[in-house]
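Here is my note on the model you sent.

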Amino acid sequence: MSRPLTPLALTVLRMLCDSPMHPYEMQQRIRDHAYDQAVKITHGSLYHSVERLAAAGLIEPLETSREGRRPERTVYAVTTAGRDAAQFRLAELLSRPSEEFPLFGTGLAFINLLPEGEVARLLRSRTVSLEAALAGHQAAHDSLRTQGIERYKLIDQEWLIARLRSELDYVRGLVGDLEAGRLTWKDSETRAVCHPRPRPRPHHTDGKGAS
């Protein structure tokens, strides 16, 4: 493949490094191992990724079978080239920070398009969502650890929990600064354009002249 392996392609190769399987089994393993918490995966995108990997020679079909009226299922295995590509891509992801553009960063870049009070309200709402997500992922992680799941299988969850906790702390700090007046854009040019002072209402009369 000329382009770097996508996260989904890497997921497929990683699973096939354990054992050959067909895409339906891959879907089951993705759910069982919660890979969909680390990689965006849909039914169609998984099959498309499998087809691209096969066309590139990174995986190969071993056998095709059919059970009853079900569609044919092709079992795939990783090739030597596929294993090498997966290891190379993983080394890149671990060693080099990638340039990412999270949507929250976009929102923060243009924060002064809204009044400070409105931003504080919206960020308070965000903290509620972050608290819920953090609690959910922490509970799931703790449950898996209690079941004896090795830590190396949960490192991606550890990173997600740390990221959520860091964002939550930062957003709480922003809300505090906004409410205390330590963060403001009252005098910015953008505020003057986007939040002009309300115009005075015209004085209406009953047609008999001003009283």
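1. Salt-bridge rule. A salt bridge here is a side-chain nitrogen of Lys or Arg within 4 Å of a carboxyl oxygen of Asp or Glu. By this rule the count comes to 12 salt bridges. One of them joins R14 and D18, with the closest N and O atoms 2.9 Å apart.

2. Basis. This is a predicted model: local features need pLDDT of at least 70, side-chain atom pairs count only at pLDDT 80 or more, and totals for chains, interfaces and linings use all residues. Residues are numbered from 1 along each chain as its sequence is written, and side-chain values use heavy atoms, with hydrogens and water left out.

3. Layout. The chain has 8 helices and 2 strands. Helices (H or I, at least four residues) and strands (E, at least two) are DSSP runs, numbered from the N terminus. From that end, the order is α-α-α-β-β-α-α-α-α-α.

4. Burial and surface. Of the 211 residues of the chain, 27% count as buried. Buried means under 20% relative accessible area, exposed over 50%, and partly exposed in between (1.4 Å probe, protein chains only). The chain exposes about 15,000 Å², and carbon and sulfur atoms supply 54% of that area. The areas come from the Shrake-Rupley method with a 1.4 Å probe; for residues, only the protein chains shown count as cover.

5. Contacts. Contact means heavy atoms within 4.5 Å. Take the contacts in the chain between residues at least 6 apart in sequence: 61% of them join residues at least 24 apart.

6. Helix α4. This helix covers residues 80-95, 16 residues in total. From first C-alpha to last, α4 reaches 23 Å, close to the 22 Å expected at 1.5 Å a residue. The expected span is 1.5 Å times one less than the number of residues. Which residues of α4 are buried? They are G82, A86, R89 and E92. Seen down the axis of α4, the buried residues fall within an arc of 125°, so they line one face of the helix. The arc is that of the directions from the helix axis to the C-beta atoms. What covers them includes α1 (7-18) and β2 (73-78). On the other side of α4, T80, Q87, F88, L94 and S95 are exposed.

7. Bridges within helices. R14 and D18 both lie in α1, 4 residues apart, about one turn of the helix. R14 counts as partly exposed because its relative accessibility is 41%. D18 is also partly exposed, at 46%. In α6, E118 and R121 sit 3 residues apart, again about one turn. Their side chains meet in a salt bridge (2.8 Å, N to O). E118 has a relative accessible area of 30%, so it is partly exposed; R121, at 43%, is partly exposed too.

8. R182 pairs with D177 in a salt bridge (2.8 Å, N to O). R182 is exposed, at 60%, whereas D177 is partly exposed, at 27%. Salt bridges that share partners join R14, D18 and R29 into one network.

9. Nonpolar patch. F110, L113, L114 and L122 make a nonpolar surface patch of about 360 Å². Patches are made of residues with over 30% relative accessible area and no salt bridge: like charges are joined within 9 Å, nonpolar side chains (Val, Leu, Ile, Met, Phe, Trp, Tyr) within 5 Å. L122 lies in α6 (residues 116-146). At 38% relative accessibility, L122 counts as partly exposed.
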